[in-house]
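User: I have not worked with this protein before. Could you take me through it step by step?

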Amino acid sequence: MLVAKGYHVFTPYLRGFGTTTFLSKETFRNGQQAALASDIIAFMDALKIDKAVIGGFDWGARTAVVVSALWPERVKGLVSVSGYLVVNLEANLKPLPPTAELGWWYQYYFATERGKEGYTQNTYDFNKLIWKIASPLWNFDKATYDQTASLLIIQIM
């Protein structure tokens with residue numbers, strides 16, 4: 001629709017996705033927010049684009065936001081879809097309650113120190129949440145859960 005209205009539209013893959021390749025073996029492989037945003041600036045430079053409306057979805061949205069934050073002079077406008085914004089990496093190390101962490105499990109929760117710390121701090125509530133998710137129609141009571149939970153020995157990463 002944008003092309004039909006006369007706009008130039010580019011949809012590059014973020015590094016590591018699609019058909020991306022590195023031209024040099026020395027190129028540092030990194031998925032940090034600033035690295036992905038820097039790739040977009042390099043892409044714009046290669047195409048001689050001074051300023052553009054930047055948009056993205058999911059990780060692309062995060063990248064678009066970081067480009068806008070670090071290079072505001074290169075951005076005419078921002079379209080960010082799905083809520084991935086700039087992340088405070090230091091604050092992100094602190095675990096949240098299990099119900100809040102639930103949305104992140106599929107990505108990295110169990111593979112990080114944050115996940116280890118969160119699980120250590122919230123073992124009881126975490127495991128109880130897993131029970132509820134795995135058996136949504138089973139209305140177990142606290143005594144049943146407590147009896148079973150007391151028998152479990154969990155190896156933390």
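User: Which residues make up the largest nonpolar core?
Analyst: In this predicted model, the largest nonpolar core has eleven residues: Ala-37, Ile-40, Ile-41, Met-44, Ile-49, Ala-52, Ile-54, Ala-64, Val-66, Val-67 and Val-75.

User: Which elements give two or more residues to this core?
Analyst: They are H1, strand S1 (52–57) and helix H2 (59–70). H1 gives the most, with four residues.

User: And what does Val-67 touch?
Analyst: Leaving aside residues up to four places away in sequence, Val-67 touches Ala-37, Ile-40, Ile-41, Ile-54, Pro-72 and Val-75.

User: Changing topic: how many salt bridges are there?
Analyst: The count comes to three salt bridges. In one of them, the side chains of Arg-15 and Asp-39 meet at 2.6 Å, N to O. Arg-15 lies in the segment before H1 and Asp-39 in helix H1, so this pair ties together parts that are 24 residues apart in sequence.

User: Are those two buried or exposed?
Analyst: Arg-15 is buried, with a relative accessible area of 17%, whereas Asp-39 is partly exposed at 28%.

User: What does Arg-74 pair with?
Analyst: Arg-74 forms a salt bridge with Asp-45, and their closest N and O atoms are 2.9 Å apart. Because Arg-74 lies in the loop between H2 and strand S2 (75–81) and Asp-45 in helix H1, the pair ties together parts that are 29 residues apart in sequence. Arg-74 counts as buried at 12% relative accessibility, while Asp-45 is partly exposed at 43%.

User: And Lys-142, which residue is its partner?
Analyst: Lys-142 forms a salt bridge with Asp-146, the closest N and O atoms being 2.7 Å apart. The two are four residues apart in helix H6 (residues 142–149), so about one helical turn separates them. Lys-142 counts as exposed, at 51% relative accessibility, and Asp-146 is partly exposed, at 25%.

User: Back to the segment before H1. Where is Asn-30, and what does it touch?
Analyst: Asn-30 is in the segment before H1 and counts as buried, at 16% relative accessibility. Not counting residues up to four places away in sequence, Asn-30 touches Arg-15 and Ala-35. Asn-30 and Arg-15 are 15 residues apart in sequence and 8.3 Å apart in space, C-alpha to C-alpha.

User: Which residues of helix H4 are buried?
Analyst: In H4 (residues 113–121), Arg-114, Gly-115, Gly-118 and Tyr-119 are buried. Seen down the axis of H4, the buried residues fall within an arc of 125°, so they line one face of the helix. These buried residues pack against helix H3 (98–101) and helix H5 (123–134).

User: What is on the face turned away from that buried side?
Analyst: That face of H4 carries the exposed residues Glu-113 and Gln-121.

User: What about the backbone: what is the phi of Lys-48?
Analyst: Phi of Lys-48 is near 60°, a positive value in a residue other than glycine. Lys-48 is in the loop between H1 and S1 and counts as exposed, at 74% relative accessibility. Asp-58 also has a positive phi, of about 60°, although it is not a glycine. Asp-58 is in the loop between S1 and H2 and is partly exposed, with a relative accessible area of 26%.

User: Lastly, which residues make the nonpolar surface patch of about 410 Å²?
Analyst: Leu-2, Val-3, Tyr-7 and Val-9 make it. Val-3, in the segment before helix H1 (33–46), counts as exposed at 57% relative accessibility.

Methods:
Residues numbered from 1 in each chain as written. Predicted model: local features only at pLDDT ≥ 70, side-chain atom pairs only at ≥ 80, totals over all residues. Heavy atoms only, no water. Patch = residues over 30% accessible without salt bridge, like charges linked within 9 Å, V, L, I, M, F, W, Y side chains within 5 Å. Areas by Shrake-Rupley, 256 points an atom, 1.4 Å probe, with all protein chains shown as cover. Salt bridge = Lys/Arg side-chain N within 4 Å of Asp/Glu carboxyl O. Buried < 20%, exposed > 50% of the residue type's maximum accessible area, 1.4 Å probe, protein only. Core = buried A, V, L, I, M, F, W, Y, C linked by side-chain atoms within 4.5 Å. Contact = heavy atoms within 4.5 Å. Arc of directions from axis to C-beta.
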